[in-house]
Amino acid sequence: MISPTPEQLRSLLLHRLPEDEAQRLEEQLMQDADVADLLQHERTDLVDDYALGRLGADERAAFERHLLVDPVIRQRVKVARALHDIASRRADEPRLDGRVQASSKSAAAGKVAPWNRWPVRAAAVFVVCAVAVAVSMRVNKEADVAPPATAEQPLPQPAVDALDTGPSDVTGTRASIVLLADLQRGGEARIVRVAPGAGQVRLQAETTSSDSSLSYRLAVTDESGARLFSAEDLRPIESGGYVFVEALIPGAKLGTGRRTVTLEPQAPGVESFTWQVDVRPPPN
Amino acid sequence: MTADASADTSNSGRSRELSESAFQALLERLREEGPSPQVTYETLRKRLIAFFRLHVPTQAEALADEALDRMARRVHEGTPVRNVYLYALGIGRLLVRESRARSVREDTAARDATLFGDTEADVVAREALHDALLACMDGLPPDGADLIVEYYSGGSGVVRIEKRRQLAERRGLALNALRNRALRLRDMLENCIAQRLAARDGSPPPHTEDD
């Protein structure tokens with residue numbers, strides 16, 4: 001019996017196979033233990049891809065229709081996002097806080113990386129941090145190593161889900177806010193916490209076109225419509241399955257309060273995006 | 001197989017206890033499949049659950065049990081079953097059809113349920129999940145946390161395939177062996193998280209895909 005390919009299994013999971021092929025695979029599933037393992041493996045990759053926004057529109061819709069009805073899968077999606085967050089923090093670890101690693105007893109003892117020490121929840125008001133409590137936002141922190149005054153810069157890591165506020169004893173941390181294209185959602189504002197005195201906030205806004213020849217204009221306005229920040233000629237960046245444009249916004253300009261972020265292509269016939277954001281200081 | 005299985009539709013909706021004699025008859029038939037009929041029974045059940053997860057995920061385990069009950073009754077009645085796996089699948093397909101006919105379509109607003117909002121309860125839930133994840137990663141076998149992070153953070157598509165190939169090479173493992181190890185670790189991790197969250201909420205541990 002020939003093992004099914006990952007593509008076939010993925011199509012089976014998403015109910016996109018012709019009936020006869022689906023039935024043949026189901027028969028293999030019942031009679032071959034390896035196929036059950038392969039299917040579970042593919043389901044895990046599919047959950048990860050959904051959780052991290054890597055699926056195309058059709059696959060995403062099929063996933064939501066056929067898999068997401070299962071509470072177990074919904075929980076797995078949450079875990080996948082949290083796991084991805086940990087992986088991204090780990091990738092940033094040496095740059096973010098070398099002291100934690102250097103003094104780690106478990107690391108010195110040759111044990112696994114000190115996972116438990118990572119989520120040091122920042123409460124200190126002098127820490128520049130952002131917590132994207134909103135569903136539409138993802139936060140990625142990295143050490144503030146001489147941020148360039150450019151509005152366009154590729155990321156070392158794909159954006160990750162927001163979880164907590166990061167090490168409390170790191171000063172000069174720059175926050176990144178990611179706005180996902182499919183989560184603009186009406187007029188509901190998403191809360192973002194930015195500490196007073198934040199130097200720069202990296203804002204990444206997802207687009208649906210990866211056409212690198214396109215340029216975008218990004219603007220932030222306050223409730224009265226007054227323009228607080230704008231940047232033009234932003235080129236899309238592709239990273240980790242996302243396509244986004246990016247701008248560095250001075251924290252002082254962002255301020256606090258309800259903000260509207262707009263992303264408009266500098267060409268006709270291409271979709272534009274609008275997000276509502278409520279910028280607040282961190283809770284005490 | 002199909003004709004025999006079709007006869008089971010008459011039992012649709014009934015939840016009869018499997019009689020001891022029917023169960024023994026099924027075990028007797030399963031003895032022909034290998035030295036341990038109990039092991040074959042569990043294998044059949046696991047595969048049926050995998051099948052039902054494709055079609056009726058929220059009822060996968062209950063339907064797997066129902067399929068085995070029906071199969072036992074048919075065997076007990078003297079129905080010849082040439083291939084137990086395909087016979088079980090035939091019953092499974094009927095159960096899927098019955099289940100779909102019964103059930104009201106579930107709302108795909110489920111998508112929102114995978115996302116954390118900005119309410120206080122959501123913030124607490126998100127932190128609880130994060131804490132559970134970290135604690136459970138600490139509890140994995142040595143090197144397990146490293147492996148799981150590396151294996152599942154390789155992007156998508158061909159990039160993911162290539163990174164996993166390189167990882168297997170570095171660890172001196174065949175790709176299949178690495179895949180199975182990562183999958184086992186991921187199952188352990190997710191089961192651990194489910195247990196911790198259930199303990200925190202004071203609720204019984206939920207079913208996981210590894211059950």
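## A first look at chains A and B

Let's start at one spot in chain B: just after helix H9(B), Gly202(B) takes a positive phi of about 70°. Everything here comes from a predicted model, in which local features need pLDDT of at least 70, side-chain atom pairs count only at pLDDT 80 or more, and totals for chains, interfaces and linings use all residues. As for names, residues are numbered from 1 along each chain as its sequence is written, while chains are lettered from A and ligands numbered from 1 in the order in which they are written. Helices (H or I, at least four residues) and strands (E, at least two) are DSSP runs, numbered from the N terminus.

**The two chains**

- Read from the N terminus, chain B simply goes α-α-α-α-α-α-α-α-α.
- Of the 284 residues in chain A, 44% are buried; for the 211 residues of chain B the figure is 33%. A residue counts as buried if 20 or more other C-beta atoms lie within 10 Å of its own, exposed if 12 or fewer, and partly exposed in between, with C-beta atoms placed from the backbone.
- Two residues are in contact if their C-beta atoms, placed from the backbone, lie within 7 Å. Among contacts in chain A with a separation of 6 or more, 75% involve residues 24 or more positions apart. In chain B, 59% of the contacts between residues at least 6 apart join residues at least 24 apart.

**Helix H9 of chain B**

- H9(B) covers residues 175–201, which is 27 residues. From first C-alpha to last it reaches 39 Å, close to the 39 Å expected at 1.5 Å a residue (the expected span is 1.5 Å times one less than the number of residues).
- Its buried residues include Leu178(B), Leu185(B), Arg186(B), Glu190(B) and Leu197(B).

- In H2(B), residues 20–30, the buried ones are Ala22(B), Leu26(B), Arg29(B) and Leu30(B). Looking down the helix axis, they fall within an arc of 100°, so they line one face; the arc is that of the directions from the axis to the C-beta atoms.
- On the face turned away from that buried side sit the exposed Glu20(B), Ser21(B) and Glu28(B).
- H2(B) packs against H4(B), residues 60–76, at about 85°, with the axes 8 Å apart. Axes are lines fitted to C-alpha atoms, for helices over the stretch in contact, and angles run from 0 to 180 degrees between N-to-C directions.
- The two helices are therefore roughly perpendicular (65 to 115 degrees).
- Among the residues that meet are Phe23(B) and Leu26(B) from H2(B), and Met71(B) and Val75(B) from H4(B).

**Loop spots worth a look**

- His15(A) isn't a glycine, yet has a positive phi of about 60°. You'll find His15(A) in the loop between helices H1 (6–13) and H2 (19–31) of chain A, partly exposed with 13 other C-beta atoms within 10 Å.
- Asp143(B), also not a glycine, has a positive phi of about 75°. Asp143(B) sits between helices H6 (120–138) and H7 (144–151) of chain B, and is exposed, with 12 C-beta neighbours inside 10 Å.
- Asp222(A) lies in the loop between strands S6 (216–221) and S7 (227–234) of chain A. Leaving out residues up to four places away in sequence, Asp222(A) touches Leu228(A), Gly257(A) and Arg259(A).

Conventions:
Angles under 35 degrees count as roughly parallel, over 145 as roughly antiparallel, 65 to 115 as roughly perpendicular and the rest as oblique.
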